[in-house]
Amino acid sequence: MTIIQTHQLTRTYGRHRGIEGLGLDVPRGSVYGFLGPNGAGKTTAIRVLLGFLKPSQGSARVLGRDCWREGQTIRQDVGYLPGDLRLYPWMTGESALRWIGRVRGLDLMPHGRELSDEFVLDLSRRVSQMSRGTRQKLGLVLAMAHAPKLLVLDEPTTSLDPIMQQRLHRRLRAGADGGQTVFFSSHSLSEVDRLCDRVAIVREGKLVTEQTLATLREQAGHWVTVRWRDEKSVGIEPPAFLRLMQREGRTWAGELDGPVERFVSWLEGKPIEDLSIGPPDLETLFHHYYEGGGDT
Amino acid sequence: MNHGLVGKSIRELWPATVMCGLLAAVFEGLVAFILPRFQAQMGAQILEMEFVRRVIEGMLGTRIADQLGPEIIRSIPWAHPIMLALVLAHAVICCTRMPAGEVDRGTIDIALGLPISRWQWMWTDTVVWIGSALIVIVMAVIGNAVGSSIVSKDRVMGLHQAGMIFANLLGLYLAVGAGAWLISSLGNRRGKVITTVFVLIVASFLVSYLEQFWEPARYAGWFSALSYYRPAEVLRSGQWPVRDLCVLYGASTVLWGCAAAVFIRRDLCTT
């Protein structure tokens, strides 16, 4: 079942760049990474999905409903954490939970307390007295307290310490295993690599690629270092699928294109002294997309 | 109406409501208590000065004779700039909170992320706003009654007179508030919205005063708030100001309707 579906979604506003022809399909129960550099249009896309902005062209549906016309119904089953989270300064964590509970017509206190214990959050403090990280934790608790079908998190780990990031990842993973869908906007490559099942990369408002992480890993090159046994072997012509970056003495280092097996077969019978093959280098691949090397 | 939204609106509005209401009550009480003592002196000396007489006429929105009668004296606390400033400040504070205040503060993303429709939000905030307006004006009426009763029981306005003043002042309050709401719906910065509303209010009152001295200003008389809020005329005639009430409540309804239409259709998010 598709939880978020956009088709040719375009939104331009003012002087800011929006999104152009965005097509997304977010399956139920997935942790979906929405990646892109700052200003790529991630937040604009989220705002269209939540009904804050009207699409200029195309369609956007969440939980099978039109985002602009049926936003209220959609938001019943959505938990949202804005990228630049601001909360009412006069509220305490507890009064914020109670207020959102009253708006939603639910008692959020039991689950909210459980979440705040997990994130080590003191609910009795006023928002105005909270640090940025603490406010972020409260924002997460408020977004997750009603156990929504869809969690939309816009750069949620900003200002969270590594331990809290880990707890959040664990919680999101558990939610996804239980059927919750997480739409996770980020510009942190390693975070998306650790957490997400699928990833969409946007650049300058356009979708660059949309794949499962497993497919991306297959596409990503491996970093290879070869040390030849003798000086003579250094003269060997490298295969086309190995991009050599360094050639110092008896050592080659470079990026492997395609499967490792092919390279291992190529090495067969050659005089190697040492060989190391690193894990798939997603970061390089992401940078390649970020900087305009990928298909658009 | 959404109970959560009602609670939030009340929480945000009560400090301004209590403050403006108390100040209006104290001011009304003091002026109603003090002014009658100077009635004879004002009639004899101040009105002899043409300029001062015209300023007072501009303030009251009506011509005054050589004598300041009890109705004119009774109407001064209601038309005094301080009283109007207090009441209209409350209207501006309330009506610029949403959406300009929410966008400016950055809380609009959290509020709009909840399962509430914009219409629901607009409607709920309007009910709380009108409720708080009634509190402020009722407090002013009570303050006036207390101040007048100290001077003499006869000076306290009857229910009919108080009702007319109340309805006229509420009409002015709602028209200014609805105008502020419309500007707020169009804006993203509360400071700019408040400045715009303030400039318009000052211009509107300025027209009333200029009309007394400068003939061309009469062409802009329709823009003067004091052309439709005339407590002196109301108290003197004892007649309900039907035309004024129709204009004020009609303008309020139209402006509020436009504000709602803009708010429901526009893009909203933290900028």
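Is Lys8(B) buried or exposed in this predicted model? Lys8(B) is buried, with a relative accessible area of 2%, where buried denotes under 20% relative accessible area, exposed over 50%, and partly exposed in between, computed with a 1.4 Å probe on protein chains only. The model is a predicted one, in which local features need pLDDT of at least 70 and side-chain atom pairs count only at pLDDT 80 or more, while totals for chains, interfaces and linings use all residues. Residues are numbered from 1 along each chain as its sequence is written, chains are lettered from A and ligands numbered from 1 in the order in which they are written, and side-chain values use heavy atoms, with hydrogens and water left out.

Chain A contains 10 helices and 14 strands, helices (H or I, at least four residues) and strands (E, at least two) being DSSP runs numbered from the N terminus. Taken along the principal axes, the C-alpha atoms of chain A fill a box of roughly 75 × 45 × 35 Å. Of the 296 residues in chain A, 51% are buried. Contacts (heavy atoms within 4.5 Å) between residues of chain A at least 6 apart in sequence join, in 67% of cases, residues at least 24 apart. The chain exposes about 13,600 Å², of which carbon and sulfur atoms supply 45%; accessible areas come from the Shrake-Rupley method with a 1.4 Å probe, and for residues only the protein chains shown count as cover. Chain A carries 39 positive and 36 negative side chains, and the centres of the two sets lie 8 Å apart. In this count Lys and Arg are positive and Asp and Glu negative, with His and the chain ends not counted, and each charge is placed at NZ of Lys, CZ of Arg, CG of Asp or CD of Glu.

Helix α1 of chain A (residues 42-49) is mostly covered, with 7 of its 8 residues buried. The buried residues of α1(A) are Lys42(A), Thr44(A), Ala45(A), Ile46(A), Arg47(A), Val48(A) and Leu49(A), and just after α1(A), Gly51(A) takes a positive phi of about 85°.

Over all chains, the structure holds 28 salt bridges, a salt bridge being a side-chain nitrogen of Lys or Arg within 4 Å of a carboxyl oxygen of Asp or Glu. In chain A, the side chains of Arg171(A) and Glu114(A) form such a pair, at 3.5 Å from N to O. The pair links distant parts of the chain, Arg171(A) in helix α6 (residues 162-177) and Glu114(A) in helix α4 (residues 109-118), 57 residues apart. Arg171(A) is partly exposed at 22% relative accessibility, and Glu114(A) is partly exposed at 45%.

In chain B, Lys8(B) meets Glu102(B) in a salt bridge of 2.9 Å, N to O. Glu102(B) lies in helix α6 (residues 97-105) and Lys8(B) in helix α1 (residues 3-34), so the pair ties together parts of chain B that are 94 residues apart in sequence. Glu102(B) is buried, with a relative accessible area of 1%. A further salt bridge joins Arg189(B) to Asp104(B), whose closest N and O atoms are 3.1 Å apart. Because Arg189(B) lies in the loop between α9 and α10 and Asp104(B) in helix α6, this pair ties together parts of chain B that are 85 residues apart in sequence. Arg189(B) is partly exposed at 36% relative accessible area, and Asp104(B) is partly exposed at 32%. Salt bridges that share partners join Lys8(B), Glu12(B), Arg97(B), Glu102(B), Arg105(B) and Asp125(B) into one network.

Ser184(B) lies in helix α9 (residues 159-186) and is buried, with a relative accessible area of 0%. Leaving aside neighbours within four places in sequence, the contacts of Ser184(B) include Cys95(B), Met98(B), Val193(B) and Arg266(B). Ser148(B), in helix α8 (residues 118-151), is buried at 5% relative accessible area; with neighbours within four places again set aside, Ser148(B) is in contact with Ala32(B), Arg155(B) and Val156(B).

Helix α10 (residues 190-213) gives the most to the patch, with 3 residues, whereas Trp214(B) lies in the loop between α10 and α11 (231-237) and is partly exposed at 49% relative accessible area.
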